[in-house]
2 protein chains.
Amino acid sequence: MKPGDPIAVLDSGLGGLTVVNALRRVLPAEDLIYFGDTAHLPYGNKSPAAVCRFVRQIVQFLEPMNPKHLVMACNTATALAMPTIAAEFPGLSISGVIEPGARAAVAAAGARRLPAIGVIATEATVRSKAYERAIFQRRNLAQVMLRPTPLLVPMIEEGRTGDDPLVETALRQYLQSMILRKVDVLVLGCTHYPLLKGAIAKVIGPKVRLIDSAEQCAQDVARRLERKGLLRGPVSSQAEPIGSPDDTAAMDESPSATGTLRTFVTDDPERFAMLASRFLEMEIERPTLVKPLMPDVSAPVVLRAAG
Amino acid sequence: MKPGDPIAVLDSGLGGLTVVNALRRVLPAEDLIYFGDTAHLPYGNKSPAAVCRFVRQIVQFLEPMNPKHLVMACNTATALAMPTIAAEFPGLSISGVIEPGARAAVAAAGARRLPAIGVIATEATVRSKAYERAIFQRRNLAQVMLRPTPLLVPMIEEGRTGDDPLVETALRQYLQSMILRKVDVLVLGCTHYPLLKGAIAKVIGPKVRLIDSAEQCAQDVARRLERKGLLRGPVSSQAEPIGSPDDTAAMDESPSATGTLRTFVTDDPERFAMLASRFLEMEIERPTLVKPLMPDVSAPVVLRAAG
């Protein structure tokens with residue numbers, strides 16, 4: 001492992017690009033490899049077994065590229081697959097988005113006696129209880145409220161923004177119980193959600209600290225590489241302040257990025273490239289299409305009933 | 001092929017259950033096999049290549065069960081994969097949802113000189129232009145308007161119904177241009193949408209004939225089997241009238257169904273069984289989980305960059 005090796009970032013599709021965005025701002029000199037599993041997206045309504053299978057295939061594909069670090073830039077993948085995959089690939093340095101988000105949430109809760117921490121996430125992340133575990137590990141006394149918000153990802157991928165009345169109605173519905181319970185901190189527990197940060201801040205109110213798990217994840221990666229002496233260049237101080245209610249702050253500041261970005265997808269490179277520009281605020285080259293090795297039609301059945 | 005053989009129904013996940021519902025009403029004596037590809041859902045934002053690959057695997061799995069007919073109960077699968085798969089499996093009798101829907105839409109347009117036919121569907125179905133082709137094949141002079149409505153499937157799978165303000169707002173947005181253009185007929189070009197038929201009828205207005213592609217597909221299957229002398233029992237006359245604005249009409253009438261229903265899924269049988277009851281208005285047994293044959297972790301890379 002050398003400082004010149006790339007950082008690999010994997011996600012179910014597009015959301016992980018908010019982590020790429022943050023990485024390019026915090027670590028502008030690093031070469032990045034991004035893998036979006038667009039043939040299997042979304043992960044948020046799949047089972048742990050399926051998500052582990054998808055992620056395992058991706059890591060097998062990325063491993064020969066010698067990444068100095070691998071980031072699971074997807075809350076669902078982190079929640080459902082990280083322990084399994086980390087155990088299966090002991091030679092790889094791997095981190096995710098949940099630990100950094102939980103750590104920042106606990107820090108933001110400060111000295112309150114019984115802080116109320118809200119988390120919005122996919123159905124699968126909520127069911128996994130990964131955020132509860134990560135928060136309670138750091139702080140015994142806290143009220144933790146999770147809410148699945150499954151429409152936000154398709155709304156963002158449809159191109160809707162925070163000023164769309166449909167998005168506002170959905171956010172009011174989803175956040176109502178957290179507003180009533182007066183949460184102190186709200187974690188955006190899906191890497192798509194930073195694109196709606198401004199609208200979320202408006203609905204939840206100015207007293208609530210927002211934690212962007214994508215931003216926290218990038219800062220965590222910088223600390224890990226620094227500790228290991230694997231940084232390629234200096235860490236930029238352009239870190240976004242925690243809880244900034246500004247949709248575009250994370251998007252506009254990557255002037256000094258000189259590292260490369262290579263992208264791989266498992267389906268529809270054109271659709272990915274088109275949507276990616278909204279996440280990255282820059283155009284990307286057409287991603288490389290990666291396909292599973294499939295048997296031909298005359299081969300025997302490849303699906304088997306289990307159990 | 002014998003009248004006692006089963007009818008196989010495939011879909012990306014749950015939507016095809018509206019076709020099962022209609023089949024159980026129209027052909028109550030038939031044994032049905034349902035395959036929901038829940039590991040890969042939704043198909044509606046995937047490419048033709050990916051959807052063909054998924055459907056091919058399913059058909060390879062179903063073929064040894066000797067179905068007397070195979071129904072692609074998914075508009076996206078029909079639009080993107082049917083010609084390819086039909087050519088690859090010449091021994092199988094296959095039909096889809098688009099031809100019957102287009103035929104019913106043209107019939108419903110009646111003698112108008114230049115009828116306006118609207119279709120709401122997934123992103124992939126709209127891009128395929130399959131509905132335009134099927135409609136123009138039957139009628140040269142028509143205005144055909146397609147609108148992708150990608151939030152309706154996740155809204156339905158989240159458990160939302162037509163009286164939810166978010167659903168109503170989304171329908172008003174999606175249908176606005178069709179209302180302005182005064183469509184005569186509106187095709188529900190996704191097998192999930194019959195669950196919102198009442199709300200769609202309310203928003204689009206009473207003058208517009210609604211075509212339920214799931215219902216039309218079931219009647220088409222009955223005609224095909226009848227023609228081939230492969231019916232197991234009589235065709236029920238409980239056919240739902242075209243354009244019924246009643247959400248529940250299609251759900252409440254399967255008193256005489258005596259054929260069996262076996263279900264297979266590629267992910268999360270529990271989630272499927274839970275959601276299925278909303279589509280079928282009856283409980284089903286836990287589906288059989290079907291898994292792709294995957295190489296073990298030590299096997300060589302199974303993803304390859306293409307092209």
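Q: Where is B:Pro42 found?
A: B:Pro42 sits in the loop of chain B between strand 2 (32–36) and helix 2. Helices (H or I, at least four residues) and strands (E, at least two) are DSSP runs, numbered from the N terminus.

Q: How should I read these labels, and what kind of model is this?
A: Residues are numbered from 1 along each chain as its sequence is written, and chains are lettered from A and ligands numbered from 1 in the order in which they are written. This is a predicted model, in which local features need pLDDT of at least 70 and side-chain atom pairs count only at pLDDT 80 or more, while totals for chains, interfaces and linings use all residues.

Q: Back to B:Pro42: is the peptide bond from B:Leu41 to B:Pro42 cis or trans?
A: That bond is cis, with omega near -10°. In chain A, a cis peptide bond joins A:Leu41 and A:Pro42, with omega about -10°.

Q: Which residue of chain B comes closest to the rotation axis?
A: B:His40 does, with its C-alpha at 2.7 Å from the axis.

Q: What rotation superposes chain B on chain A?
A: A rotation of 180° with 0.0 Å of shift along its axis does so, with an RMSD of 0.0 Å. That is the relation of a two-fold axis. The copies are superposed by least squares on the C-alpha atoms of residues with pLDDT of at least 70 in both.

Q: How many residues are in contact between the chains?
A: 38 residues of chain B are in contact with 38 residues of chain A; contact requires that two C-beta atoms, placed from the backbone, lie within 7 Å. On the side of chain B that touches chain A, helix 2 of chain B gives the largest share, six residues. The same surface serves both copies, as 100% of the contact residues of chain B recur in chain A.

Q: Which strand of chain B do bridges join to strand 10 of chain A?
A: Strand 11 of chain B is joined to strand 10 (residues 288–292) of chain A by three bridges, and the two run antiparallel. Two strands pair if DSSP finds at least two bridges between them. A:Pro292 has B:Leu303 as its bridge partner, and A:Lys291 has B:Arg304.

Q: What does strand 10 of chain A do within chain A?
A: Two bridges join strand 10 of chain A to strand 9 (residues 261–265) of chain A, and these strands run parallel. There, A:Val265 stands opposite A:Leu289.

Q: New topic: which domains is chain A divided into?
A: Chain A has domain 1 (7–96 + 215–289) and domain 2 (99–213), with bounds from an automatic or database domain assignment. Their centres, taken over C-alpha atoms, are 20 Å apart. Between them, 32 residues of domain 1 are in contact with 30 residues of domain 2.
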